[in-house]
Amino acid sequence: MATALTLALLVATGCTSTPDAPAKPTATPSGAASGAVAVARVCAEPAAGPAATPAGAVTVDPAVVGDLASKTRSNPPHTTFWLLPGTHTLEPDRYAQVVTKEGDTYLGAPGAVLDGRKTNNYAFSGTAPDVTIRYLTVQGFVAPHDEGVVNHDMADGWVIEHATIQHNSGAGLMSGARQQVRANCLRDNGQYGMNAYKTGGPIKGLLVEGNEVVGNNTDDWEGRQPGCGCTGGIKFWAVDGADIRGNWVHDNRGPGLWADTDNNDFRIEDNVLEANDGAALVYEASYNAVIRNNTIRHNNWVEGRRSADRGDNFPFATVYLSESGGEPRIPARTDKIEIDRNVLEDNWSGITLWENADRFCNSPANTSSGDCTLLVKNTGSCAQPAIATAPLYADCRWKTQRVDIHDNRFTLNPAVVGCTTKCGRMAVLANYGTYPEWSPYKGEPVAEAITGKQQNRWHDNTYVGPWSFVAHDPGRTLDFGQWQGAPYRQDAGSTFQPRTGG
């Protein structure tokens with residue numbers, strides 16, 4: 001078994017370089033339950049594009065301002081464009097952009113860069129499907145908040161491979177259905193590396209494989225708009241069917257991966273999620289996922305410490321499931337959320353299963369705005385008196401249910417994390433329901449359901465370090481014996497080895 005990051009981070013996309021290690025500790029835990037995870041290190045040495053003109057390609061000259069946009073306009077669909085080495089630019093107009101046509105392919109020669117010069121909003125746009133972009137650096141574009149630079153109009157079937165998309169405002173990428181994002185460096189963008197959102201969604205089918213996603217949210221949107229929920233490495237909205245595998249998601253200012261509102265059927269496997277300021281993974285108001293064989297370390301040190309310093313007792317997690325669970329009535333490759341064979345090492349905390357009693361369709365407390373669950377078509381139907389009875393009493397809520405957490409290894413050394421309190425916690429809990437006045441979920445029924453009635457189960461895990469456990473509500477902290485005992489009966493078959501000090 002590998003015991004060093006240089007073994008664990010073999011490049012899944014064919015690059016075998018070993019660039020300088022990140023500043024934070026990167027040793028792979030010995031005895032890791034899931035073994036070494038191979039992920040992409042593509043930013044240090046991206047794959048090179050064709051050095052000679054591909055057969056039939058149109059050559060694009062960096063010395064001619066706007067040559068790429070002009071030649072795209074003047075050529076038919078399904079044209080291949082080869083960008084010569086050098087810095088390519090668009091006309092110096094905010095809305096100058098490359099409006100793609102169906103089946104177009106853009107290939108960068110070694111050293112080809114498309115630079116927005118902090119002037120142009122968008123690089124590649126249009127609704128044409130099946131566009132391919134490879135071996136190209138795209139940088140310096142200034143997309144507005146919540147918008148993106150590449151595939152700005154969320155067209156379907158795009159393939160983005162071996163590209164470096166960096167130093168842009170907004171999101172480096174947007175997404176359409178059937179999009180494939182492979183072996184890219186998504187680095188230091190103002191808001192997201194990718195914003196997987198499609199107007200009118202959902203996005204049917206998405207592959208994110210072998211990418212390095214690092215340093216995004218340089219514009220600190222959560223600081224500028226507190227509570228916006230609009231930061232991180234990659235954000236997913238209403239994606240139905242996603243494979244997220246073999247990525248290295250690290251050092252993002254905020255969460256690493258965040259699936260938010262009516263996502264379904266995710267497989268998040270064989271990734272390294274490391275040193276993100278917030279949670280490594282947030283799965284929120286969504287359904288049916290497999291989270292397996294990931295290495296998750298050194299996450300949430302910034303936001304976890306910040307919450308502890310302000311006296312917040314909520315168990316801020318490294319893997320955070322908020323109003324998310326398995327739902328057999330929604331077609332997917334699984335009918336639960338299964339979290340297994342992961343290694344979580346020296347994160348601020350562990351896994352939190354949370355359900356906000358006041359968050360449901362048509363409630364003013366619903367942070368998903370006018371959205372409703374995938375089980376209710378008419379948000380307005382979630383009102384009295386119908387919401388107080390079946391089926392709407394259950395179906396108007398996103399529920400944290402059918403979560404199976406097993407065969408993971410959780411290690412914590414407080415000296416490494418730099419914490420003395422409010423860290424190293426596992427949790428399954430809800431708040432006391434109070435709002436709105438007509439809510440049928442007032443009081444403790446949601447806390448009782450998530451804790452004991454919704455098939456949320458830890459078992460056969462390994463714990464090393466001073467872990468504690470929170471159940472039912474934030475004020476109920478348990479030791480391992482209480483967590484395993486009645487009435488919670490969690491972590492059957494698990495082992496617990498306390499460790500303190502360095």
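Author: The largest pocket has a volume of about 1,200 Å³. A pocket is here an open set of points on a 1 Å grid over the protein atoms alone, with protein on both sides within 12 Å along at least five of seven lines, and its lining residues have an atom within 4 Å of a point. Grid points are joined across faces, edges and corners, and a volume is the space filled by probe spheres set on the points. The model is predicted, so local features need pLDDT of at least 70 and side-chain atom pairs count only at pLDDT 80 or more, while totals for chains, interfaces and linings use all residues. Residues are numbered from 1 along each chain as its sequence is written, and side-chain values use heavy atoms, with hydrogens and water left out.

The lining of the largest pocket consists of 38 residues, and those nearest its centre are Glu222, Gly227, Gly229, Trp258 and Tyr320. Two or more lining residues come from each of α3 (221–224), β22 (257–260), β25 (281–284), α4 and β28 (319–322). These elements are DSSP runs numbered from the N terminus, with helices being H or I of at least four residues and strands being E of at least two. By class, the lining has 12 nonpolar, 14 polar and 12 charged residues. In this division Ala, Val, Leu, Ile, Met, Phe, Trp, Tyr, Cys and Pro count as nonpolar, Asp, Glu, Lys and Arg as charged, and the others, Gly among them, as polar.

Helix α4 gives the largest share of this lining, 4 residues. Within α4 (residues 301–309), Trp301, Gly304, Ser307 and Ala308 are buried; buried means under 20% relative accessible area, exposed over 50%, and partly exposed in between, with a 1.4 Å probe and protein chains only. An α-helix has 3.6 residues a turn, so residues three or four places apart point the same way. Among what covers the buried residues of α4 is α6 (414–417), where contact means heavy atoms within 4.5 Å. Just after α4, Gly311 takes a positive phi of about 85°.

Arg359 may be considered next. This residue lies in the loop between β31 (351–355) and α5 (392–395), and it is buried, with a relative accessible area of 3%. Its side chain makes a polar contact with the side chain of Glu323 at 2.8 Å. A polar contact is a pair of N or O atoms within 3.5 Å; within protein, one must be able to donate a hydrogen and the other to accept it, and residues adjacent in sequence count only if both atoms are side-chain atoms. Leaving out residues up to four places away in sequence, Arg359 touches Asp260, Thr261, Glu284, Ala285, Ser322, Glu323, Ala365, Asn366, Thr367, Ser368 and Arg397.

A cavity is a set of grid points where a 1.4 Å probe fits but cannot get out. The count comes to 1 cavity of 30 Å³ or more, and the largest cavity has a volume of about 60 Å³. Its lining divides into 3 nonpolar, 3 polar and 5 charged residues.

The second largest pocket holds about 440 Å³ of space. Its lining has 21 residues, with Pro202, Ala238, Asp262, Asp371 and Leu374 nearest its centre. By class, these lining residues are 8 nonpolar, 6 polar and 7 charged.

Some backbone features complete the description. Most residues other than glycine have a negative phi, and most peptide bonds are trans. The peptide bond from Tyr435 to Pro436 is cis, with omega near -5°, and Pro436 is found in the loop between β34 (425–430) and α7 (445–452). Ala486 and Pro487 are likewise joined by a cis peptide bond, with omega about 5°; Pro487 lies in the loop between α8 (480–484) and β39 (495–497).
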